[in-house]
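Please keep the sequence and the model in view while reading.

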Amino acid sequence: MFEWFDLKSVEALLVAGAALVAIISATFAAYSKLFPSRPKLNKKHTSNSIDGQINQSGTGNVVGTGNTVVNQKIDIQKIVHINYSKDEYESDLKRSEAERRQEFKSFENASEKPRAGLEKELSAIREKFVDLEQNYQKRVSELERIATEVKDLANNVSAQTISEAIAALEQGDLQAADAIFAEVESTARPKIEIAAKAAYERGCIAYAEIRWLDAREHFERADRLLPRHREYAKKAAFLAFELGEYETAQRRYEAILEDVRAEEGEYSLGTSDALNDLGATFRRQGRYPEAVENLKQALEIAEKLLAPNDPILARRYGNLGLAFCDQGDFKEARELQKKAVSIVEKSLPLGHLDIAVSYNNLALVYSHQELFEDAIEFYKKAIDIGKAALPLEHPTLAKYYCNLAMAYEGLDCLEKAAKFCKRSIEISENSLPAGHPLLAIRYNSLGVIRTKQNRGEKAIELYERAIKIELAAFSENHPSLANRYTNIANAYIQQGRFPDAEEALKKSIEIDKKFLPAEHPYRDKGIEKLAYVYERLGRPDDARKIRKKLPGNSKRI
């Protein structure tokens, strides 16, 4: 599945350079202590799964086989003092944002792939401003970690070079460290593990600097050099997922799952993590039955291995609950989300953000069941936690406000619904780049409210914006577009534009056929709505014909 390192090239290098052989011999003993055998999958359980953030913890002990420097006087114990201020960090973020915007303009006529990657980077940079203090502290911690990794190269890079890199890191500059890892990566080819480690560290640096396209390239190189190293493989898969390259992420998570099963067996937390990540990826692709299957297995394993109130178990319940909700099995989704809420309320401190996530997920199911008052109660709880723990302009609050707005819309409290939805859009437009898929969700939601307020033209304008964004970000058959086409059809019907409504509904029904099970309630609604449009167009035979596809008596709109 993955490309292996070219061992013939290594052999040629070894034969060609007697000096290199001598160097390898001189460092073999040290290398053997660090790498006593072919690296196996790390059995230690980590939280690198999709429902967590990327884990950049390093392992140290990077050694090289290039121009070995002997008897260097590098004080490994010397404490690194980071003199990089928050103001400097903010200034660097602003510079990075300006650079990405300029680069984005240069890709104006290029394919969607590089543009989409740059948009996601821009979005990530903007999110850093939202909680500047916390992200600054994370950056300082990463600088300290990388400094430790640089010190571990003392036998392979000159003392002067390392000193300069450490000094640069203390000032917040990662480029000198990146150059060192690039040098080691280049000169250490005969030792694949070393080159892979250097590539991985370059990926961590690029990720810290929100150069996600570069980070993906480095992580993928590390994974190619050392395919059975789980941390490298997971980072490569995670970056593909974050960049919206779900087919690539799927292939990588499938390979990880195969390796973890072979190494740890079926019942391990590593296998549960891998199944969870693969299930989440299938969900993003709209492949709901496969998502449910994998998330079920992930949950079953976690239930056997974890304490009943472990927060990881709550996340497993929550993820599976969302997948059942996607399929229209709201009863099962509700039970799972209630279990998740029960766990986080017992195991986590009051005000923990994971509690807000569980409240939001349960409220989402209530909304699908049209239990809007219950939904509003839990959305408000989620918002209260979010407002206490997050900056008021945080994108997570925008999501909660939007969900609350749609619950009010379900109760026909349209003024309240519009108020919260506009607040959600305001936060999203200030924190996300134009064209971000989350904006499509916000515009679509306000469009639903405007349709109910009989403001059809405004609603159509909002739906068109949402559709344009999602067509640029996803494939033309992405499941979210079915909802957008159905909603814009409602606005067309309201305005008497029945031919336009017919065209939109046909697109929606075709997408739903690909992604939703036959018994999903949304499929019936789309067919019945199209039959209604045929009647208004004076085509009763077409209406009767399409109604025959309905399983039973479907309620008229």
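S431 has its place in helix α19 (residues 414-431), where helices are DSSP runs of H or I with at least four residues, numbered from the N terminus. This is a predicted model, in which local features need pLDDT of at least 70, side-chain atom pairs count only at pLDDT 80 or more, and totals for chains, interfaces and linings use all residues. Residues are numbered from 1 along each chain as its sequence is written, and side-chain values use heavy atoms, with hydrogens and water left out.

Leaving aside residues up to four places away in sequence, S431 touches S123, R126, E127, V130, E393 and P395, contact meaning heavy atoms within 4.5 Å. The second residue, Q137, lies in helix α5 (residues 132-151), and its side chain makes a polar contact with the side chain of E133 at 2.9 Å; such a contact is a pair of N or O atoms within 3.5 Å, and within protein one must be able to donate a hydrogen and the other to accept it, while residues adjacent in sequence count only if both atoms are side-chain atoms.

The table gives C-alpha separations.

| Pair | Apart in sequence | C-alpha to C-alpha |
|---|---|---|
| S431 and A398 | 33 residues | 9.7 Å |
| Q137 and K86 | 51 residues | 8.6 Å |

Key: Helix = DSSP H or I, 4+ residues; strand = E, 2+ residues; numbered from the N terminus.
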